[in-house]
Structure formats: C-alpha cells, structure tokens
Amino acid sequence: MIWDKEKECIEREELAQLQLEKLQSTIHRVYRNVPFYRRIFDKYGIDPDSFGSIEDINKIPFTTKNDLRENYPYGLFAVPLREVVRIHTSSGTTGMPIVVGYTKNDLKIWTELVARVLSAGGITKDDVIQIAFNYGLFTGAFGFHYGAEKIGASVIPVSIENPKKQIKILQDYRTTAIISTPSYALLIANTLIEMDINPNSLSLRFGLFGAEPWSERMRQEIEEKLKITATDNYGLSEIMGPGVAGECLEKKGLHIQEDHFFFEIIDPQTLEPVKEGETGELVITTLSKEAFPVLRFRTGDLTRFLPGECPCGRTFRRIDRIMGRTDDMIIIRGMKIFPSQIEAILYEIEGKQPNYQIILERHSGADHMNILLEMSEDIFSDVMREQTQLLNTIKERIASEFGLSVNVKLVEKHSIEKIGEKIKRVIDKR
Ligand SMILES: [Zn+2]
C-alpha cells in the first residue's frame, strides 16, 4: 500500500476550500499572537476577517528572510514556549540563524508530510534507510528520521561520516535507501569506484536527495554510479524542513503539499506573479503550522509550476527542480540567466560536475560575462590545442543557447575562492 496517497488526491475545489479555511485560521492566529504580523495588518489596514477567498492572500505583504532574522530568536513564535516541543534553526550560510519551533501537532504533520515524500520516492516499511544528513540544529536529518520511522522502515542515523564509513555501513547493514545531498551521494559513488566496489554488490535501490540545487545530468550520474532510482525533494527550515515538496517515481517535477502550504511564484524584481509556467521566486504560506506560521515567505529559490497532471495520479501540482537562488539570477543585456543553466552546459561538455564562477563586468557601458572554470585532472593533462577546443565548444554552446558571447578561462584546480564549502557562483562587478 502506498502511504497516505489518498490525501494527495484531493479535488481542486475541495482543496481551495480547505486552503481558505486554514488560511483564515492561520491569519487569526498570527494576528492574535505575533506582534510583527499584527503591526503589519494594522499598518496596511488589513482586516483579519476579510479573507473570503484564497486569492485575498495578495493583500498581505511578503515576509522576507530579514524579517525572520530581525525577530531572532523567538519573536515570531505564535505559541508560548511551553507549547514548543522542538527547536531547530535554518542552516543560515549568511548572518544570524533563524530559529524555528514546533508544537506536538507541528511535529505530527511534519512527520506525515515527510512520510508522503518518502513513499512517493519508493520507500516502504521493508526498506533500510541510511540518513547521511547532519543531525543537529539542521532540519534535514530529523525530518527524514521521523518520517521514515512513521512508514515503518528501519532507520540508520549515520549522519555525516567519511564516505568510506558510509560505504561500510551500506555494505554490512544492507542499506536499501540513502538520504543525503546529491553532492554527498556523488562523493560516495566516486569513493565506491575508487575502492573498486561493484555497486551491484550493494542492496541499495533508492536515493532521496535534496537541500541543494542539482541537475538532471547529475541525477543520471548518481543513478548510473550507484545503480539506484534517485528522486529530488525540497524543503526549508523556515517553512518546516524537508517534506514541503518531493518527486514521485515518474521523476517529472516535485509534487507540492498543497493541503498544508499555499504556493506562489513571483517575479523577484516586480514582485508580481509570473505568467503561467514562467520561472520566478517561490513564495510559501504555511497553512497548518502552530508554533512558527509564516505568511507569504519569499524563499529566494527559483522554480516554476509545471503544467498538466502527473501520470502517478496525485492531484497536487508540481514545481520544477530548484534552478538556483534569486541572488544568483543574472540579468545581462535584458536576459535572465540562471547559473544552473550555465552549469548544465559545462557539465554536459566536461562530463562531470564543474567547479566554476561567473564574473559580470561592465566596460564602456556594455556588460560582459566571464566564466572561470577550474581544470580537472583530465583537462589539465590535455594538450593546449584540446584546451582551446574545449573553451571554444563552451563559448559556442552558450552563444547558441543565449545569443550571448562570453569569455571562458581555465584556472588551476582549487583556485576559485570558497565560502565555507561553497563557491560563490556569481560575482557581479557592474
Ligand atoms: Zn507524480
């Protein structure tokens, strides 16, 4: 039996009514209990009783990450601390972390929603699940942990360990499913190859990956190297953690959990809704959260609604894989380009995950894009003529896809500066 699937097959009309009722009660809760939201409602003259349809949500201003930060640590909690049974924080790569709380009921719903995502990704009670997310304040590990237990699977809370230890556990404990970031899965896969272990000797069948943007090409690489079915999932601590959206085994976009969240996609410049199917910034309103409800939260994540119904039968709409962050969106000569689109081209040409950085400059009024690409061993060993050929292929591909002429430069391995574990993808010097 597929976990909970009936609940994901609600008629659209019934869903709209459910969303409206939940929105009304969320609005009353924040107006009563969260001074930040009460001030906003009073300032803009918004009557909490005036929400007659879900579209009325447009009256409410957006909540930004900054709003959450400014209320550190407990300013946005809508219940007293004695009703909070769990506290997490957002990973916060920049600035102050955002502290989020959960009531007992919040944890129950979180667990259910993660169980749905796991089930959609092929997991059943017969699975042995290795969780290779960092346990701690980060929501990823705990979210999946409780969801997997709810399904009845056997959970191995490995956390982050060196890849060889992960592989020993994969082998000895006969793990059937792994949960991690896609880049960590790839690290394990490459270590497996280095250790000369045949992936077919493992029991691994499924991988659920999230917490960072990844490409279709990377999915194929992980699936081939680990001999698994890999699905994408999405969540964020500010909203709940994992369980906000996840792919089914059709692997054609992530179903969004519309009975507990309301989703919008806006143009990050104009803040207006994008046209049907266009890419923009994902905005989420929580509809069931008690301890930490948020209204129209600007996630900073770029995606689009996918049209049509999914063959799997779930009626919840789907979003496309996350294409990157709004901060990374490049506007050059009137065009919007996402680093992930450049990355997909580099990946395809180079045949592996590229380390790169995009630098934007302005000379005599004209904008230019320079791409720094770190040399891998393969490129390094190539003769000069082949390097030149590689650079030309990249330039031609970008020119044909975007009508944009760019400079591409090969740089030494590890020479692009990292912030923590991550390379800053775009440096705008204009
Ligand atoms: Zn589906």
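Predicted model: local features only at pLDDT ≥ 70, side-chain atom pairs only at ≥ 80, totals over all residues.

Mentor: Leaving aside residues up to four places away in sequence, Ile 179 touches Ile 129, Ile 131, Ala 132, Phe 133, Phe 144 and Leu 208. Ile 179 also belongs to the largest nonpolar core, which has 93 residues. Within that core, the residues that touch the most other members are Leu 118, Ile 123, Ile 131, Ile 179, Ala 185 and Ile 239. Helix H4 (residues 104–120) supplies the largest share of the core, 8 residues. The core lies between domain 1 (1–325) and domain 2 (329–428), because both give residues to it.

The chain is divided into domain 1, residues 1–325, and domain 2, residues 329–428. Taken over C-alpha atoms, their centres are 30 Å apart. Where they meet, domain 1 contributes 10 residues and domain 2 contributes 10 residues. On the domain 1 side of this contact, 6 residues are nonpolar, 3 are polar and 1 is charged.

One further element is helix H11, which covers residues 384–402. Its 19 residues should span 27 Å at 1.5 Å a residue, and the C-alpha atoms at its ends are 27 Å apart, so the two values agree. Just after H11 comes Gly 403, with a positive phi of about 60°.

Technical notes. Residues numbered from 1 in each chain as written. Domains from an automatic or database assignment. Contact = placed C-beta atoms within 7 Å. Nonpolar A, V, L, I, M, F, W, Y, C, P; charged D, E, K, R; others polar. Helix = DSSP H or I, 4+ residues; strand = E, 2+ residues; numbered from the N terminus. Expected span 1.5 Å × (residues − 1). Core = buried A, V, L, I, M, F, W, Y, C linked by C-beta atoms within 7 Å. Buried ≥ 20, exposed ≤ 12 C-beta atoms within 10 Å, placed from the backbone.
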